[in-house]
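Student: Could we go through this structure together, one question at a time?

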Number of protein chains: 2
Amino acid sequence: MQKKNEAICSQKENFAQWYTDVCKKAELMDYSSLKGFIIYRPYGYAIWENIKNYADQKFKETGHQNVYMPMLIPSSLLQKEKDHVEGFAPECAVVTKGGEEKLEDPLVIRPTSETLFCEHYSKIVNSYRDLPKLYNQWCSVVRWEKTTRPFLRGSEFLWQEGHTIHETEKEAREETLKMLSIYVDIAKNVLALPVVTGRKSEKEKFSGAEETYTLEALMPDGKVLQSGTSHYFGQGFAKAFDVKFLDRDNHWQYVYQTSWGISTRLIGAVIMVHGDDNGLVLPPNVAPIQTILIPIKQEEDTIKEKVMEIQKNLQEKGIRTKIDFSLKSPGWKFSEAEMRGIPLRIELGPKDLEKGTCVLVKRNDHQKLEIKIEEIPSKVEEILKQMQEEMYEKAKQKLEERMVTVDTIEDLSKELDKGGFIEAPWCGDLACEMKVKEQYQATTRCITEHSFENKKCVCCGKDAT
Amino acid sequence: MQKKNEAICSQKENFAQWYTDVCKKAELMDYSSLKGFIIYRPYGYAIWENIKNYADQKFKETGHQNVYMPMLIPSSLLQKEKDHVEGFAPECAVVTKGGEEKLEDPLVIRPTSETLFCEHYSKIVNSYRDLPKLYNQWCSVVRWEKTTRPFLRGSEFLWQEGHTIHETEKEAREETLKMLSIYVDIAKNVLALPVVTGRKSEKEKFSGAEETYTLEALMPDGKVLQSGTSHYFGQGFAKAFDVKFLDRDNHWQYVYQTSWGISTRLIGAVIMVHGDDNGLVLPPNVAPIQTILIPIKQEEDTIKEKVMEIQKNLQEKGIRTKIDFSLKSPGWKFSEAEMRGIPLRIELGPKDLEKGTCVLVKRNDHQKLEIKIEEIPSKVEEILKQMQEEMYEKAKQKLEERMVTVDTIEDLSKELDKGGFIEAPWCGDLACEMKVKEQYQATTRCITEHSFENKKCVCCGKDAT
């Protein structure tokens, strides 16, 4: 058992406080003077860059192109789709003055950009030959929030928003699910994050969407975090914005549309799911520094030269490596490397050098390994790969342990105290959804593919759907 | 001589119209319904991504780290540095409402982020051991503009802003010049853009800076375009924002600061400097598509298979390659590829296939080359490299032709009609600068390193400085 790092609160004592402590102490972020607007410090931003680079490559491999739309939306434009504006109006930041003059049509800082994409699509699409358009945008959006938490809920956050239009319903529905599966891939292969996927209920879906699919991840406090969404819009926006095309039979048709997004909230998920009382624990694929070399007696030239040689060999393998040559004690350096969640620590001192070995310490399970110096590059590569899998498997096991299926409202109530996912049969009525939410403080996260044949709604007793 | 593309205005007829035509026809951008806020379409945004990727790598190689600051600045914070707020106040977009409530302290959408960086630095810097901080941010900024042109001047534009703080004046001054030289490198090696560098006059420097260095590029209409700036701030902002550290002698000192930026205006520069009456001409290093394969008789399987094989071979060499399999005629495809400025076009038809050769057409000088199919990958790589140099050299020659030195106000007046850079001795007084600007509509672009010993100011006759 590792000794707890005293600089941060323990998870058991106060999970929310532990989370904030880690965000600050690992130097992921800082608060600005404006509530809900955080500063992404280099280490936190580098995590986002790693998520972004992987996702961007996947998007491009599947034929998507990046664009950039204006950050401001005329309020008259935002009002064109009724459900959409109703959903977002209460969260808008409004520009009323530009260049010292009062604006006639106030401008809203984008809370999301469906309206801008639609307006543009209506101008550039004429024929089925122009379809599909598979656009994506990396940017920040503003949604005024009363209660904010670093990465998890902010008034400004970084994200990507994909917006696609298609000739047929089938193609648009396929796109919606394809992007959901790419998000599952990112969650697993970058963040070592297992998720539950499914459809949102009518009440919980995106403003203006016909269907919203979601990724839901389980946090150690038993709460569930929405970690990405993919929406199928049907022709709703297309009709509101007149996005039409001449089809193969020379008839005008409205396009079928999707949108999908993941945000810096994923950083929050990774902190909570993998972190421990010593700080952050980063999966190797998302870690800005994958391996840190800590020399013991760094004042000795042989040690200094050897760690620099090791760093070079690791970097040549494409492994993100740093040496800690600061004047702090080795113990202090270990602690700092742990706080920052660096997956592998390599210690090298005079005795190790004599033996031709070094000590590797894995951040995820504190396991110590003695390995030969010449084997470092290949072993480290192998261990990092294995750690990514271990972390995913461990998180998956925890998720499965806290995922139960119930048949009655009594069982639902009992399980709720423990936290986690509860699968329950439901008739699909809003009344039942609201009743369960009010009486038991349980929200519907998603509708899974699980078959509930012959089961009855836990609330009203009607057939489950 | 190539036949002019009829879809766009000719440069001679109306250069400004030609520019706008190319922006639209090459599908680089579109207008949104909000004046001064453009849409970066996939092809235009991909150019920016290529600039960004190269620059970001250079910044990281020189020890810089990316961060992300809030997009909104409380107006009280913006007002802390007097010169700075005076310079930017007339251009601000102001948020006065958030989440349906009126804000007490209105928020300004960042026109630039010095104030935010300073506030953050004042919180995280304590000792000389914390220095330097070499931060950079990729984002968009808003500056309300009355007259706007795509990429060249907009109310919102994409850019990077570096903000660094240092222990000593010497180090900060070195950083200012180092970043200027990285910009010269980007201009040359990505954009094939020769520039003149120098210091801005007191009147033209950045609001709040002690010194502003600039990159100035010459456009074909004789006008000069500011294409990047690097500022040395001294301790001005540090004093206004209380950014202090304990130095090596345990005394409190203010940090020395720099900032530097390049923007999507560089896209405008590349369009103007290299473009011709057939459209865009992109240097290979910035081109989203470097080589386009145009099959003649694509319905024949042997042709289809061969172009796909060629594409695969080129892509394996890391060359960005596309095949145009659309149903348009080859002539139409050639024209489109020219409009989009794709550096190399490869034509392959049944007769070529028989001979085992294909036709290469260089976009920059319309030169046609017949080469053996099996030599394509290596030849194309070589030709693209050579084209980047040719384009730079051609632009450099034009710049040098239009760069003259004058000794008298009469000569200055004569040269002004021709457009271009004019080097003239100047005493350094604002009065002379203003007089020349008013009488001759000539602005001081930058103070070069050229020696003007024993020369007299063209305006007042005092010694030049």
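Tutor: The questions below go from chains to domains to helices. This is a predicted model, in which local features need pLDDT of at least 70, side-chain atom pairs count only at pLDDT 80 or more, and totals for chains, interfaces and linings use all residues. Residues are numbered from 1 along each chain as its sequence is written, while chains are lettered from A and ligands numbered from 1 in the order in which they are written.

Student: Which element supplies the largest share of the side of chain B that touches chain A?

Tutor: Two residues are in contact if their C-beta atoms, placed from the backbone, lie within 7 Å, and the contact between these chains takes 41 residues from chain B and 41 residues from chain A. Several elements of chain B each supply at least two residues of that side, among them α2 (42-61) and β8 (156-166), where helices (H or I, at least four residues) and strands (E, at least two) are DSSP runs numbered from the N terminus. The largest share, six residues, comes from β5(B).

Student: What is the bridge partner of G98(A) in β5(B)?

Tutor: Two strands pair if DSSP finds at least two bridges between them, and five bridges join strand β5 (residues 93-98) of chain A to β5(B), the two running antiparallel. In β5(B), the partner of G98(A) is A93(B).

Student: How many charged residues are on the side of domain 1 of chain A that touches domain 3 of chain A?

Tutor: Chain A is divided into domain 1 (15-274), domain 2 (291-382) and domain 3 (402-465), with bounds that come from an automatic or database domain assignment. The contact takes 16 residues from domain 1 of chain A and twelve residues from domain 3 of chain A. Ala, Val, Leu, Ile, Met, Phe, Trp, Tyr, Cys and Pro count as nonpolar, Asp, Glu, Lys and Arg as charged, and the others, Gly among them, as polar. By these classes, the side of domain 1 of chain A has three nonpolar residues and five polar ones, and its charged residues number eight.

Student: Why is α9(A) described as oblique to α12(A)?

Tutor: Angles under 35 degrees count as roughly parallel, over 145 as roughly antiparallel, 65 to 115 as roughly perpendicular and the rest as oblique. Axes are lines fitted to C-alpha atoms, for helices over the stretch in contact, and angles run from 0 to 180 degrees between N-to-C directions. The axes of α9 (residues 301-316) of chain A and α12 (residues 376-401) of chain A come within 9 Å and cross at roughly 55°. That angle is why α9(A) is, relative to α12(A), oblique.
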